[in-house]
Amino acid sequence: WQARLSPDASNAATASADFTAKIWDTHTGEVLYSLQHDHIVRAVAYPPDNSDLVATGGMEKKLRVFDLAELAKTYPGKAATIPASAGFEIGEGVHTSSIKFICWTKDPNIVVTASDKTIRWLDLPSRSCIKHEVLDGEIKSCEVVSLAQELASPTDIGGGKPVLAVSAGKTVYFWGGDQAMDELKRIVLPYSIASVGLDVKGRKLVVGEEPGTWAKVIRYDDGVELDT
């Protein structure tokens, strides 16, 4: 379902329909760990600056975080099979439908999940949901957009900080700040949206129309369509 590269590029995580999330050695291509789950895994994510943690979620409606450094001590050897209980659950019972996307914010203590029509912000230290918003429709895309620190500028969308970009129904949403909790803007369009991509420096976004085969370029500041 998904694949994500760790911040230091030493390993990668994949989410699979075989009820596992796998951690891969990017140098050898070998499986390091097979993280067992109780249902299909749809989403995986790493923190922005830590390759030892990975979050997983999917159709079992649970957000789990696994500490890979601790797993290496507890389960030595290659291709170790790790039980679901080795991960700690965040926000127990708050997800009522499949987790489709997981985004780690700039603040490593805050993780964002997307399921059905709801975005949730979860706090790792307290293992609780601290905020949620029900959006215009089913969430079709959700990602944190950021630039390397040396390239970011106060004139960028989000003021040089990462931006959470989400498409749901006919609306695109943008949140900023270290915890991606500050709503920056929402743009309502006359058609359903399959996905959104954001150019923070060029202050433009690209949306995929649904149903349809069009991608449209839109100016962020005033919502004017620039190209199709």
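These are legends for close-up views of one predicted model. Local features are kept at pLDDT of at least 70 and side-chain atom pairs at pLDDT 80 or more, while totals for chains, interfaces and linings take in all residues. Residues are numbered from 1 along each chain as its sequence is written, and side-chain values use heavy atoms, with hydrogens and water left out.

**View 1. An open sheet of 4 strands, in the order β18-β19-β20-β21.**
Pairing here is antiparallel; two strands count as paired if DSSP finds at least two bridges between them. Strands are DSSP runs of E with at least two residues, helices are runs of H or I with at least four, and both are numbered from the N terminus. β18 (192-199) and β21 (225-227) sit at the edges with a single partner strand each, so one side of each has no neighbour in the sheet. On average, neighbouring strands are turned by 35° against each other, direction ignored (axes are lines fitted to C-alpha atoms, for helices over the stretch in contact, and angles run from 0 to 180 degrees between N-to-C directions).

**View 2. Strands β19 and β20 side by side.**
β19 (residues 204-210) and β20 (residues 215-219) pair in the antiparallel sense over 5 bridges. Look for Lys-204, whose bridge partner in β20 is Arg-219. As a reminder, strands of a sheet pair through backbone hydrogen bonds.

Lys-73 is exposed, at 62% relative accessible area, and Glu-70 is partly exposed, at 38% (buried is under 20%, exposed over 50%, partly exposed in between, with a 1.4 Å probe and protein chains only).

**View 3. Lys-161 and Asp-178 link two loops.**
This salt bridge spans 3.4 Å, N to O. Lys-161 lies in the loop between β14 (139-145) and β15 (163-168), and Asp-178 in the loop between β16 (171-176) and β17 (182-188), so the pair ties together parts that are 17 residues apart in sequence. Lys-161 is partly exposed at 35%, and Asp-178 is partly exposed at 34%.

**View 4. A salt-bridge network with Lys-131, Glu-133, Glu-183 and Arg-186.**
Shared partners join these residues into one network. Glu-133 and Lys-131 meet at 3.8 Å, N to O.

Conventions: Salt bridge = Lys/Arg side-chain N within 4 Å of Asp/Glu carboxyl O.
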